[in-house]
Amino acid sequence: MQAKKRYLILLSTGTCLILLFCLGGLQVPVLSQRGHNRRDDRSLSGSHPGQRWRRFLGPLQTFGSWQPERSDDYNGHMSPRQKREANLGVYTDKRCRMDSCFDFSLCVKNGFKVYVYPVQKGEKMSESYQNILSSIEGSRFYTANPAQACLFVLSLDTLDRDQLSPQYVHNLRAKVQGLPLWNEGRNHIIFNLYSGTWPDYTEDLGLDIGYAMLAKASISTENFRPNFDVSIPLFSKEHPRTGGDRGYLKHNTIPPFRKYMLVFKGKRYLTGIGSDTRNSLYHVHNSEDVVLLTTCKHGKDWQKHKDIRCDRDNAEYDRYDYREMLYNSTFCLVPRGRRLGSFRFLEALQAACVPVMLSNGWELPFSEIIDWNTAALWGDERLLLQIPSTVRSIHQDKILSLRQQTQFLWEAYFNSVEKIVLTTLEIIQDRVLRYSSRSYLMWNSLPGGLFTLPQYSTSLRDFPFYYAKLGIKPYPKFTAIIHVVTPLVSQSQPVMKLLTAVAKSQYCAQVIVLWNCDKPLPAKQRWPATAVPVIVIEGESKVISSRFLPYDTIPTDAVLSLDEDTVLSTTEVDFAFTVWQSFPDRIVGYPARSHFWDSNKERWGYTSKWTNDYSMVLTGAAIYHKYYHYLYTTYLPTSLKTMVDQMSNCEDILMNFLVSSVTKLPPIKVTQKKQYKETMMGQTSRASRWADPDHFAQRQTCMNKFASWFGTMPLVHSQMRLDPVLFKDQVSILRKKYRDIERL
């Protein structure tokens, strides 16, 4: 009896083993003694883990949507480690980092310079890639000399590597390998928006990128090489090259809720990669505050794959206007499509609609520098049903904070191709010049990393934007810079009176006289005796832009910029500086001007009429932070400064454009005594730019040239004017503190 039981047990065990072996459930480790790993096993068998189960899954196919060509399904059978190893073949060196794959020696002599290969005759190029190359060539990083370059950019269009796209560039592999400076891709950066093609849409670019960096949209965290690649946003071909629109948030309303809580409107993929996520959205759509709309109508053969929900989804989709939903919703769902990234991401940022990402494994744009926790939310594709309750639980204060940050990030880094490209280059520059890189706070607070240049300083206290955050105040003195263009022939000239009045200010640390006159410098005894030092500097090349050079002799934070013919009293100087201490990031001063749009001529106009409305404070009598001297000199293109110098005009307008583009705010006008009048030099003075009859016409031209380069009109109108009696004074005690200004 016992022998019979043992026989039955052995027979059943053997039968089970045979069945498991035949069905692929038991794999004999024939290579175990070779010490092979999973990657070796895949390469030898030509398959991935779990492939032998396909014969078993065949009869069950009617219960699921499994398809052998779908890469996302086989990924479901793989561990995260196996996925990473499977993707090692996407790039030649998956483990590339700056220290191992970048030649820093190319950047030592000339700093961070970028070279763009010459465009080859007959090569097609998309408008988006042209915009990228134009943005690089117009930046301060560009060099036309490859021997000076630290970074190289291909002129071959690599943006669209989908073989089914009309923008696809054929034979790219051979063309790249034939470049004389390629050097296996070292110190090159490749821009890409679309990779892979139907049905898998992998991240393969169809060429060996070698040691090149990728600036890529829709890149996964598995393929992203930290501190080497740069994740960029997916942007459309209509995305503006420069300028860009402002964000939609006009008022900080409390509570910050809108008509809808959560919205989405887009394609529903019936089959293939990405279909699972969007096909599930109907589960949380309620047609009230959660409106998630999808349509099956896309592609030539969508009706072949049509399901029972398509007609209802299509009808519901057509009932809603996308723009109306976008600008009236608190949260915007950003689900993955065929690729991880989506156009909805940038659209949500601009609309002040907090993005809710539903794209597992997506490395968010500029994740190296941007703290996305302050502007976006994450949802898990596997936990879709939890998203509505999650967004409803967020406090209104947090919602307002998130929306405000979307506006900052949109305008600082994303609203134009130029800003996307410059942000990419600045990130790489920070890696190269790591000891003078920006802090996380600089990147994530106003005015952003593009306007906070670390070459000026790496200390927050040296910039005019962070005093409030740090709880400190600017240095309580100013340096006056008087711009002189006429010879000194008399002690009664306006410049002498101006110098004496400014030097008497209790806040004046020193006076710099910038001698831009063709005549020789006067002897020291010609200048009046003052209680503060007077330094005379001969202007560089006698050009007007030299008044904005970042002179090392300026020890203070504040600069009082003055024309030689300006009439100001000591009291007026004191009051202007007192006001500036409360607005250290703006231009504060006396002579105000304005701009307007001339609809008849379809151009910007300039006016000097005295009205309640202004958008500029001229630097003939204005105070601002000395950092703007550095920005004017290093950030602005040579072409604009050359135009200003050739005309000896418009430098004050250009400075206003620059400061307003940084702050997104108007300047501050302070009052002056009622008989104040801007004196003009004698019309007989050849050195006087005011004597030029074309002076006003030139300023009209400048307005439009500047607006064209900035890509938008950065000037902001204001009607605020600060008077002594109304500015932070205890009226009963200090009513007559600035009595000279009140004098008729």
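The following paragraphs lead from the overall make-up of a predicted model to its largest pocket. Residues are numbered from 1 along each chain as its sequence is written. Because the model is predicted, local features need pLDDT of at least 70 and side-chain atom pairs count only at pLDDT 80 or more, while totals for chains, interfaces and linings use all residues.

The protein has 744 residues, of which 53% are buried (under 20% relative accessible area, with a 1.4 Å probe and protein chains only). Its secondary structure comprises 25 helices and 23 strands, taken as DSSP runs of H or I with at least four residues and of E with at least two, numbered from the N terminus. Among contacts (heavy atoms within 4.5 Å) between residues at least 6 apart in sequence, 74% join residues at least 24 apart.

Confidence is expressed as pLDDT, the predictor's value for each residue from 0 to 100; its mean is 85, and 82% of the residues reach 70 or more. Residues 80-90 have pLDDT below 50, with 22 contacts in the model beyond near neighbours in sequence, and residues 675-688 are also below 50, with 27 such contacts. Where pLDDT is low, the predicted coordinates should not be read in detail.

The largest pocket holds about 1500 Å³ of space, and of its 44 lining residues, Y201, K267, Y269, R338 and R339 are the closest to its centre. A pocket here is an open set of points on a 1 Å grid over the protein atoms alone, where a 1.4 Å probe fits, with protein on both sides within 12 Å along at least five of seven lines, and lining residues have an atom within 4 Å of a point; grid points are joined across faces, edges and corners, and the volume is the space filled by probe spheres set on them. Helix 7 (127-137) and strand 8 (260-267) each contribute at least two lining residues.

Notes: Heavy atoms only, no water. Buried < 20%, exposed > 50% of the residue type's maximum accessible area, 1.4 Å probe, protein only.
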